[in-house]
Amino acid sequence: MHKVRLGRTNLEVSRWSLGGIPLSMGMGGKDEETINRVIQAALDYGINFIDTSRVYMDSEENIGEVMKTRRKECIIASKSHSRGYDEVLADLEESLKTLKTDKIEIYQVHELEPQEIPAVMAKGGTLDAFKKARDEGMIDFIGLTSHHVGVMVDLIKTGEFDTVMFPFNVIEREPEKELIPLARAQDIGTIVMKPLAGGVMRNIESCFKFLNGYPVDIILNGVSNLTELYENLKFAESTESLSASELRGFENEVAPLGKDFCRRCSYCMPCPNDIIIPVMIHLVWQMMKGRTYQEISDQKKEMGKNLAIWWQACEECGQCEEKCPYDLPTIKRKDELLALFSR
Ligand code: SF4
Ligand code: SF4
């Protein structure tokens, strides 16, 4: 796998890198053995960058199992979703223990919302905790992740962040206007998440070629088994970008998908009633796009039959809707699914 320089960190990282969400059994991973095989195979292939988070359930733990023997082969990025000074340092301590390491190369402020900026930048706030961790050698670099382009533009101007991670693909193109040029001008490392829009876009080659047209460093891709890993890697080495006519064709191809689909990021989890929301909401969307219940239940086998039963446990607390960065109407989708099933 070819390597790129990750901005001012000067780290040499694999252009295609491993995302940590499906490395958790609670967030799309199949079982510990499969997750272990995916991580081992990625390292064997020369992928040297793995991203995870304290909030990705058992993702850090599964990565930590591999790090017991292969820590020197990769650069780890993790994240804290906490905003309080002490809470960030407690998260970091837990991450270090779980990942079986004494240092995390890139530690990131996770999923920053606009209203949280004051808490991050205040004296004695989130950022100060990250700086203390860096001063004490527990981390090397400070990163920022968000789904809000304006937040990232404002914060990288402070010069405090070494990397920035954001969703970017042919459907979600806001970063191309200001964020990517600004990050490049400031030599901040750029990490693209959701290159396949959460797996909804199936044309992997065009997705990667689209990204090759921009000065971004890492394509971060989550895969849950070896088949998916190798399917992605088939196209990951190419440095070709889309021609103007290919881009138009790709835009037309994805237009029917709209924008209101689940990216399976799992930020809406956990549900107090143990509903696996991303699976549910993604399947409803597929049905709304014309796939039949039969096709879906054939594909998902026993899971398909249990969907309606699971979702009947929803008490409409609204927590998931508040946490979804795409403002997806989970409760409305639940009602739509139940209506489809009752037919
Ligand atoms: S609204 Fe329903 S699905 Fe969403 S978190 Fe609450 S109980 Fe779970
Ligand atoms: S419903 Fe929203 S928060 Fe939950 S997985 Fe889908 S996109 Fe992510």
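**Figure 1. Helices and strands of the predicted chain.** The model holds 15 helices and ten strands. Both are DSSP runs, numbered from the N terminus: helices are H or I of at least four residues, strands are E of at least two. This is a predicted model; local features need pLDDT of at least 70, side-chain atom pairs count only at pLDDT 80 or more, and totals for chains, interfaces and linings use all residues. Residues are numbered from 1 along each chain as its sequence is written, while chains are lettered from A and ligands numbered from 1 in the order in which they are written.

Figure 2. The C-alpha trace spans about 60 × 45 × 40 Å along its principal axes. A compact globule of 343 residues would have a radius of gyration near 20 Å, so the chain's 20 Å agrees. That radius is taken over C-alpha atoms, and the globule rule is 2.2 Å times the number of residues to the power 0.38. The chain is divided into domain 1 (3-254) and domain 2 (277-342). These bounds come from an automatic or database domain assignment. The domain centres, taken over C-alpha atoms, are 28 Å apart.

**Figure 3. The largest nonpolar core.** This core has 91 residues, and Val164 and Val192 have the most contacts inside it. Helix α11 gives the largest share, six residues. Domain 1 (3-254) and domain 2 (277-342) each supply at least three. A nonpolar core joins buried Ala, Val, Leu, Ile, Met, Phe, Trp, Tyr and Cys residues through C-beta atoms within 7 Å. Buried means that 20 or more other C-beta atoms, placed from the backbone, lie within 10 Å of the residue's own. Of the chain's 343 residues, 45% count as buried.

**Figure 4. Val192 and its contacts.** Neighbours within four places in sequence are left aside here. Val192 then touches Phe166, Phe168, Leu211, Val216, Ile218, Ile219 and Leu220. A contact means C-beta atoms, placed from the backbone, within 7 Å.

**Figure 5. The shell around ligand 1.** Of 14 residues here, Cys271, Cys314, Cys317, Gln319 and Cys320 come nearest. A residue is near if its C-beta atom, placed from the backbone, lies within 6 Å. Elements giving two or more residues are α14 (319-323) and α15 (330-342). The shell has eight nonpolar, four polar and two charged residues. Nonpolar covers Ala, Val, Leu, Ile, Met, Phe, Trp, Tyr, Cys and Pro; charged covers Asp, Glu, Lys and Arg; the others, Gly among them, are polar.

**Figure 6. The shell around ligand 2.** Cys262, Cys265, Cys268, Pro278 and Cys324 are the closest of 14 surrounding residues. Helix α11 (residues 277-288) gives the largest share, three residues. Ten residues are nonpolar, one is polar and three are charged.

Notes: Buried ≥ 20, exposed ≤ 12 C-beta atoms within 10 Å, placed from the backbone. Contact = placed C-beta atoms within 7 Å.
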